[in-house]
Amino acid sequence: MNKLVIFDLDGTLLNTIDDLGTAANHTLAELGLPQHTLDEYRLMVGNGMRKLIMRALPQDKASDDAFVDSTLQQFLEYYADHIDVHTKPYPGIPELINTLSTAGYQLAVASNKIQAGAEKLIEKFFPDIPFVSVMGNSPLYPLKPDAAVVEYIMQKAGTDRAHTVMVGDSGTDIQTARNAGIPIIAVSWGFRPRHELTSADYIADSTAALEAFLFESV
């Protein structure tokens, strides 16, 4: 049975924080609201775009569902046109993905990013890689850490838990893997502090370490 590696996207394959933060700040500025440093956005992302906007807004605004919805729409319109201005793969990631694909691994993406955005970035940065599935925020499946998206990807890949591993950069990814009953490798170069990753099965500090662990364990 072919081995399957399911990757998170933001903070794992791609460094997207500058474009996410810039789009959020642009939206906040247009509304006359306080902005945040790009580094502060590292702790706001990972649970979907609506949650990002709620965390970026002042508390009184974040509790107003109608205001959150309108702000989210404004953010998404800007972000869709500026999604890849600063975004780029982490060092060594394109080489790693190519190596795994050439070696016969099935590869997939499970992200809480908007679906169109996830597809656009994968197509741009990994155009020659035959991902078995690229799953973003879809009305058909709940966001991570719900395991539904992982279950769908495994079904589509025709593989099982014993031949699947997840790679991510956050506690959300770790909990997703736990909910799905599959191993989780955390990467330390992403958006979350290392102490959030200690419950993972393994922490990779470099793409070389990630590659070695994947070939040894999956």
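**Aromatic pairs, sheet and cavities**

Modeller: The structure holds 6 aromatic pairs, where rings of Phe, Tyr and Trp (its six-membered ring) pair if their centres lie within 6.5 Å, with planes under 30 degrees apart counted as stacked, over 60 as edge-to-face and the rest as tilted. This is a predicted model, in which local features need pLDDT of at least 70 and side-chain atom pairs count only at pLDDT 80 or more, while totals for chains, interfaces and linings use all residues. Residues are numbered from 1 along each chain as its sequence is written, and side-chain values use heavy atoms, with hydrogens and water left out.

Colleague: Why is the pair of tyrosine 90 and tryptophan 189 called tilted?

Modeller: Their ring centres are 6.4 Å apart and their planes stand at 45°, so the pair counts as tilted. Tyrosine 90 sits in the loop between strand E3 (88-89) and helix H5 (93-102), and tryptophan 189 in the loop between strand E7 (184-187) and E8, so the pair ties together parts 99 residues apart in sequence; helices (H or I, at least four residues) and strands (E, at least two) are DSSP runs, numbered from the N terminus.

Colleague: Is tyrosine 90 buried or exposed?

Modeller: Tyrosine 90 is buried, at a relative accessible area of 9%, and tryptophan 189 is buried too, at 17% (buried means under 20% relative accessible area, exposed over 50%, partly exposed in between, with a 1.4 Å probe and protein chains only).

Colleague: Switching to the sheet, what is the strand order?

Modeller: The open sheet has 6 strands in the order E5-E4-E1-E6-E7-E8, with parallel pairing (two strands pair if DSSP finds at least two bridges between them). At the edges are strand E5 (133-137) and strand E8 (202-204), each pairing on one side only.

Colleague: And how many bridges join E1 to E4?

Modeller: Strand E1 (residues 4-7) is joined to strand E4 (residues 106-114) by 4 bridges, and leucine 4 stands opposite glutamine 106 in E4.

Colleague: What about the largest cavity, which residues lie nearest its centre?

Modeller: Of the 20 residues lining the largest cavity, Asp10, Val45, Gly46, Asn47 and Asn112 lie nearest its centre. On a 1 Å grid over the protein atoms alone, a cavity is a set of points where a 1.4 Å probe fits but cannot get out, and lining residues have an atom within 4 Å of a point. E4 gives the most to this lining, with 3 residues.

Terms used:
On a 1 Å grid over the protein atoms alone, a cavity is a set of points where a 1.4 Å probe fits but cannot get out, and a pocket is an open set with protein on both sides within 12 Å along at least five of seven lines; lining residues have an atom within 4 Å of a point.
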